[in-house]
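Good morning, and thank you for coming.

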Amino acid sequence: MEERVADLRAIRDLIERQFSSMSWSVGGGPDTAMFKSAFLPGAPLYPSARPVSVKSLEEFTERMGELARTTLTSLHERVIGTQILVFGNVAVAVAACENTENQGEVNRNVEMLLLVKSEGHWKIAAQAWDKETNSVPIPAELLVDF
């Protein structure tokens with residue numbers, strides 16, 4: 001039971017660090033080194049844009065850096081709920097988050113993470129996310145447990 005509690009805490013901490021690394025104030029930018037450290041090498045990312053396309057960590061972090069220098073002058077990501085399932089050395093996590101862009105526009109999305117534990121550390125093996133809309137709101141059960 002203690003190991004399960006420790007695993008859940010470690011995964012929540014990893015999610016919090018990952019979201020924090022993609023938050024910045026005007027004049028700043030993402031902490032791409034911290035962001036990448038949460039992932040296994042080669043982990044695919046699937047952003048909300050459709051049609052679906054896979055992005056590498058490098059492609060995603062380069063794009064976020066470019067946005068920070070141009071149209072996305074500030075970003076604050078905040079976790080507003082999670083659900084985590086752990087079995088041995090594998091886990092899935094669902095994280096609902098709120099993003100404040102350019103100190104004003106607020107959006108919410110849900111991120112799905114596949115995680116693996118190796119050598120005592122949890123890492124993200126893959127991540128996909130989608131934006132909340134009026135027709136697809138974040139379910140209430142995802143807005144708890146963080």
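In which strand does asparagine 109 lie? Asparagine 109 is part of strand 4; helices (H or I, at least four residues) and strands (E, at least two) are DSSP runs, numbered from the N terminus. This is a predicted model, in which local features need pLDDT of at least 70, side-chain atom pairs count only at pLDDT 80 or more, and totals for chains, interfaces and linings use all residues. Residues are numbered from 1 along each chain as its sequence is written, and side-chain values use heavy atoms, with hydrogens and water left out.

Is asparagine 109 buried or exposed? Asparagine 109 is buried, because its relative accessible area is 7%; buried means under 20%, exposed over 50% and partly exposed in between, with a 1.4 Å probe and protein chains only. Leaving aside neighbours within four places in sequence, its contacts (heavy atoms within 4.5 Å) include Ala95, Cys97, Asp130 and Ile138.

I turn to helix 1. The 20 residues of helix 1 (residues 2-21) should span 28 Å, and the end C-alpha atoms are 28 Å apart, which agrees. The expected span is 1.5 Å times one less than the number of residues. Among the buried residues of helix 1 are Leu8, Ile11, Ile15 and Phe19. An α-helix has 3.6 residues a turn, so residues three or four places apart point the same way. The buried residues of helix 1 pack against helix 2 (32-37) and strand 2 (75-87), strand 3 (90-101), strand 4 (105-118) and strand 5 (121-131).
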